[in-house]
Amino acid sequence: MNPVVALYKKLKIKLFNKRNGTKIKSLYANLKAEYGKNVRIDEGTYISQDVTIGDHSYVNANSRLQHCDVGKYCSISSNVNINPYNHNMRGLTTHPIGDVDREIKRVVIGNDVLISLNVVILEGVHIGDGAVIGAGAVVTHDVGAFEVFGGVPAKFIHYRVPDKKKREALAKMKWWDADDEIRGRYIHRFRCCLDGIDGTKE
């Protein structure tokens, strides 16, 4: 990148961060995208202008996000590629020339989702709240809430929260939408385990 252009972009990003309470460090993050409060975008990460990212989510270095919606408190690691171009395998050619009019389906990622190193998430995939995607996975279809997926192609491994009642209680709680005081109490109480989250005494 031209040094003058890079300096201009750095100044724009600095002003944007000050105005919006964000922590954008990448020159490749489009400032027309929708960023929530305290969102962090590390160096070298590309964000297209049609992306939305919810409060307190972060994206580590050298990732690429396009045509997607990301919820609150999501942890997205380095070298993650979300919604890369999906070549048409059904037509005359796989070259984009034969696919110019196709509408690209968005990827939708819920809240409190962990996406590990080197993950690829393909077009149209929906990932539920609290899910975990293991390192190096290629996600080709939907992932349910609190499910852990891994592999190529990614498959269900187990639930992050094994107990069904606790999963249901956690889903109902929606702690990521609570105000700061209540959210802080939730995090302090359930930092180490989820005992009692479903109303039972353990």
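**View 1. Arg160 and its partner Asp112.** Let's start with Arg160, which is partly exposed in this predicted model, with a relative accessible area of 36%. Arg160 makes a salt bridge with Asp112, and their closest N and O atoms sit 3.5 Å apart. Arg160 lies in the loop between strand S18 (155–159) and helix H2 (164–173), while Asp112 lies in the loop between S11 and strand S12 (114–115), so this pair ties together parts that are 48 residues apart in sequence. Asp112 is partly exposed too, at 21% relative accessible area.

**View 2. Asp50 meets Arg106.** Here's another salt bridge between two loops, with 3.8 Å between the closest N and O atoms of Asp50 and Arg106. Asp50 belongs to the loop between strand S4 (46–47) and strand S5 (52–53), and Arg106 to the loop between strand S10 (81–82) and strand S11 (107–109), so the pair links parts 56 residues apart in sequence. Asp50 counts as partly exposed at 28% relative accessibility, and Arg106 gets that label at 29%.

**View 3. A pair inside helix H3.** Now look at Asp180 and Arg183, a salt bridge whose closest N and O atoms are 2.3 Å apart. Both residues lie in helix H3 (residues 180–189), three residues apart, which is about one turn of the helix. Is Arg183 buried or exposed? With a relative accessible area of 9%, Arg183 is buried.

**View 4. A network of three residues.** Lys25, Arg40 and Asp42 are linked by salt bridges into a network.

Terms used:
Residues are numbered from 1 along each chain as its sequence is written. This is a predicted model: local features need pLDDT of at least 70, side-chain atom pairs count only at pLDDT 80 or more; totals for chains, interfaces and linings use all residues. Side-chain values use heavy atoms; hydrogens and water are left out. A salt bridge is a side-chain nitrogen of Lys or Arg within 4 Å of a carboxyl oxygen of Asp or Glu. Helices (H or I, at least four residues) and strands (E, at least two) are DSSP runs, numbered from the N terminus. Buried means under 20% relative accessible area, exposed over 50%, partly exposed in between (1.4 Å probe, protein chains only).
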